[in-house]
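This report goes through the strands, the charged side chains and part of the surface of one protein model. Please look at the sequence and the structure before reading on.

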Amino acid sequence: MIPASSAPMAFDIAAIPWDTFHDDGTRSATLVGTRDPGIMFSYAFFVPAGVFDAAHFHSADVHLVVAAGELRLGYGTALDVSATSRFPPGSFLWVPAGAAHFDGADEDTVVIGTAVGPWTTDYLDEST
């Protein structure tokens with residue numbers, strides 16, 4: 001959702017307007033701003049229980065807050081669930097641009113992130 005004006009906005013995680021749905025059950029929504037170059041934006045990302053993402057990196061720094069559930073995050077060039085740390089609701093994470101990482105959840109999880117565009121996700125294994 002991109003606001004039409006500069007009016008304040010608020011989102012209840014139970015009513016996020018999801019706009020992108022993926023085959024693995026993850027979904028996302030751009031909450032404020034756009035992913036255009038030089039523009040700050042905030043987004044929500046839902047990870048269903050049992051889903052883990054292969055090693056990847058982002059083109060820009062991302063600031064994350066775990067809003068619900070528990071995010072599992074590890075750093076490295078290959079998915080290794082045993083190497084993840086657990087981050088419960090209220091946790092703040094900063095993932096620098098270019099930092100290879102993998103993530104997922106054992107329970108339904110929602111994270112809220114903020115970054116500056118352009119923002120891409122690049123997988124290290126091209127078959128992903």
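## Arg72 and its surroundings

Arg72 is buried, because its relative accessible area of 9% falls under the 20% limit. The model is a predicted one. Arg72 lies in strand S6 and Asp106 in the loop between strand S9 (101-105) and strand S10 (109-116). The side chains of Arg72 and Asp106 meet in a salt bridge, with 2.8 Å from N to O. The pair therefore ties together parts that are 34 residues apart in sequence. Asp106 is partly exposed, with a relative accessible area of 41%.

What is the setting of strand S6 as a whole, enclosed or open? Four of the five residues of S6 are buried, so this strand is largely enclosed by the rest of the structure.

## The salt bridges

How many salt bridges does a search of the whole structure find? The search finds three.

Arg86 counts as partly exposed at 45% relative accessibility, whereas Glu70, at 17%, counts as buried.

Asp106 and Arg86 also meet through their side chains in a salt bridge, at 3.2 Å from N to O. Since Asp106 is in the loop between S9 and S10 and Arg86 in strand S7, the pair ties together parts that are 20 residues apart in sequence.

## The five-stranded sheet

In which order do the five strands of the open sheet stand? The order is S7-S6-S9-S4-S11, and the pairing is antiparallel. Strand S7 (85-87) and strand S11 (121-123) stand at the edges. Each of these two has a single partner strand, so one side of each is left without a neighbour in the sheet. From one strand to the next, the twist averages 40°.

Strand S6 covers residues 71-75 and is joined to S7 by three bridges, the two strands running antiparallel. Arg72 stands opposite Arg86 in S7. S6 is also joined to S9, by five bridges and again in the antiparallel sense. Here Leu71 stands opposite Ala105 in S9. As a general point, the side chains of a regular strand alternate between the two faces of the sheet.

Strand S1 (residues 20-21) and strand S2 (residues 27-32) run antiparallel and are joined by two bridges. Thr20 stands opposite Ser28 in S2. The two strands form a hairpin with five residues between them. In the turn of this hairpin, Gly25 has a positive phi of about 95°.

S2 also pairs with strand S3 (residues 40-47), in the antiparallel sense and over five bridges. Which residue of S3 is the bridge partner of Ser28? The partner is Phe45.

## Glu107 in its loop

Glu107 is placed in the loop between S9 and S10. With a relative accessible area of 41%, Glu107 is partly exposed. Leaving out residues up to four places away in sequence, Glu107 touches Val47, Pro48, Ala49, Gly69 and Glu70.

How do sequence and space compare for Glu107 and Tyr123? These two residues are 16 residues apart in sequence, and their C-alpha atoms are 23 Å apart in space.

## A nonpolar patch on the surface

Which residues form a nonpolar patch on the surface? The patch consists of Val65, Phe92 and Trp94, which together have about 310 Å² of accessible area. Val65 lies in strand S5. At a relative accessible area of 35%, Val65 is partly exposed.

Note on methods
Residues are numbered from 1 along each chain as its sequence is written. This is a predicted model: local features need pLDDT of at least 70, side-chain atom pairs count only at pLDDT 80 or more; totals for chains, interfaces and linings use all residues. Side-chain values use heavy atoms; hydrogens and water are left out. Two strands pair if DSSP finds at least two bridges between them. Axes are lines fitted to C-alpha atoms, for helices over the stretch in contact, and angles run from 0 to 180 degrees between N-to-C directions. A salt bridge is a side-chain nitrogen of Lys or Arg within 4 Å of a carboxyl oxygen of Asp or Glu. Buried means under 20% relative accessible area, exposed over 50%, partly exposed in between (1.4 Å probe, protein chains only). Patches are made of residues with over 30% relative accessible area and no salt bridge: like charges are joined within 9 Å, nonpolar side chains (Val, Leu, Ile, Met, Phe, Trp, Tyr) within 5 Å. Accessible areas come from the Shrake-Rupley method with a 1.4 Å probe; for residues, only the protein chains shown count as cover. Contact means heavy atoms within 4.5 Å.
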